[in-house]
Amino acid sequence: MDERGIKDYDELLERAKDIEWFWGEIAKELDWFKPWDRVLEWNPPFAKWFVGGKINIVHNALDRYMKTPHRDKLAYIWEGDPGDTRKLTYGDLYEDVNRLTNALRGLGVRKGDRIMIYLPMIPELPISMLACAKIGAIHSVIFSGFSAAALKERINDAGAKIVITADGGYRRGKVVPTKRNTDEALGDAPSVEKVIVVRRTGEDIEMIRGRDLWWHELLKDQPAMADTEIMDSEDILYILYTSGTTGRPKGVVQVHGGYAVQIYNTLKWVFDLKEDDIWWCTADVGWVTGHSYIVYAPLILGVTSVMFEGTPDYPEPDRWWSIVERYKVTVLYATPTAIRMFMKFREKWPAKHDLSSLRLLGAVGEPINPEAWVWYYEFIGRGRCQIMDTWWQTETGSFLVSPLPITPLKPGSATKPLPGIEADVFDGNGNPIVGKGGYAVIKTPWPAMLRTLYKDPERYKEVYWTRFPGVYLAGDAARKDDDGYFWFQGRLDDVLSVSGHRLGTMEIESALVSHPAVAEAAVIGKPHEVKGEAVKAFVILRQGRSPSEELEKDLKEWVAKEISPIARPDEIEFVKSLPKTRSGKIMRRVLKAKELGQALGDVSTLED
Ligand code: WTA
């Protein structure tokens, strides 16, 4: 920005209040097939960015590097759960993406078609996403830890034509049966025509004639060159499902242009990434963190990323630290849950490794408690690395509140809104407040904001833009201090954050009541030392069924199978009744207050 005559960060923040000027300047740093006519068209709550511009995010992530020395640079250093490794240059990635692009086109995939990707953390996952984007097809990635039922629901919402999966994936040495889950999901998903299967584990699986195709056979004879579809800036890039307050997941819609601009800018500035950095974002690509900061932004920036299939403590609690040491990771981006888990294993595990390559750390997904912050700073950063606590959401696409390496830090605070972002904290009447908890809001549109919820613009309006008209409601509680620093405190709605994964209480409740023994269920989040929040379920049994340890175990497994092991309740309590409003809505707030021994608050609407 210095070439624009801006002397320091404060002046930049001030000038960036002119969001059209600011984002227009940033967008010029990407490659456009045709420049935009207008930076922003804002018809609240619907925004269009870089209107009239033509772009493809894959052109920026891969194609444009092919005539430069970057072609031979490593894009991914990948390590599997069992310890196998693969290294892919930008050129390798480009060629594989092109092969899949050609194969998909051969199967009739065209711009606007929906493709479901249900893959473990293997290189074929980013390859699949990039091939879809290259064609202009819309990808929807489902975390491979999700169940067949969750997959089916999302396939049907998206109306997907093709599913890309693997025979299986590895987790802690065991096989996750992704193909078997897919087969189960497809029992009731009529839109799907073909299933492409990557061979990962060599499992014995059933290939259905006329429907299932092996990835390696399909790609074998495909040319390594393919045209990139010229997309409108506002054409859809992906749908990513996330939990909300009702049982039905929300299909968050992102587009090619604005999303590319903002994720590129935020990764570049917040982590100050340079040519020779080795960037490691430890998330799974199945979540937004992986979409934005394992796949698209690092590739647009042209850096080398580490991608890891396994879990932090398998086979030993120093797995991560051995990876940092072996690949000389310079910037590590992780969750507070992982840090708290490592704290429990104690510092002897990282101490076994040379972590001197690290220069900067990051955190995301939940509030980081000061104890975890200090431990991360001391035992991982060894007192040399700042911690970038980035606050954002699936819906925001990109970091919104976060420090830069030059920002003075306060442990536990995500510090201030980034340039071009106008965040605030409101009281219940929509007035800005300082020093007190309130609603986190964003007052102006931003390029990587969700455009809508897939096929449900009404829900989009209602969930995010109705509480304070024209202002984005994040759903988080936050406090702004006298220095303008933000302290995020967790969700205000019925959304839990378990190990940094978003889960709707209603989703878990509907899974429970689908069990033959259950009449009614209510779910709350309970503070948990490592996971941040743990799931506690209150269950009313059907007549003739009685509580038992066995049934409790059975219900926990049921939820794990219906949704995902991450949703498995830690505790189940069998009860005779649940607190409800007169209109019959379960008052989870009351259950939670009772459980935690807090004051009940306003219970005037309580029936009993
Ligand atoms: C929470 C993940 C405190 C928050 C990128 C938000 C955070 C939800 C932070 C979104 C942070 C994310 N400090 N809380 N730095 N980052 N959150 O959609 O409650 O999976 O609303 O996106 O995670 O979760 P999501």
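These notes cover aromatic contacts in a predicted model.

1. The structure contains 39 aromatic pairs. One of them joins Tyr65 and Tyr90, whose ring centres lie 5.4 Å apart with 70° between the planes. Planes over 60 degrees apart count as edge-to-face, and this pair is edge-to-face.

2. Tyr65 sits in the loop between α3 (57-61) and β4 (74-79), while Tyr90 belongs to helix α4 (residues 90-106), so their contact ties together parts that are 25 residues apart in sequence. Both partners are on the buried side of the cut-off, which is under 20% relative accessible area: Tyr65 is buried at 10% relative accessibility, and Tyr90 is buried at 0%.

3. Tyr238 and Tyr259 make another edge-to-face pair, because their ring centres are 5.3 Å apart and their planes stand at 90°.

4. Trp42, Phe46, Trp446, Tyr460, Tyr464, Trp465 and Tyr472 make up one aromatic cluster.

5. Two arginines are placed over aromatic faces. Arg199 lies over the face of Trp214, 4.6 Å from the ring centre. Arg467 lies over the face of Tyr439, at 4.9 Å from the ring centre.

Definitions and conventions. Residues numbered from 1 in each chain as written. Predicted model: local features only at pLDDT ≥ 70, side-chain atom pairs only at ≥ 80, totals over all residues. Heavy atoms only, no water. Phe/Tyr/Trp six-rings, centres within 6.5 Å; stacked < 30°, edge-to-face > 60°. Helix = DSSP H or I, 4+ residues; strand = E, 2+ residues; numbered from the N terminus. Buried < 20%, exposed > 50% of the residue type's maximum accessible area, 1.4 Å probe, protein only. Lys NZ or Arg CZ within 6 Å of the ring centre and 35° of its normal.
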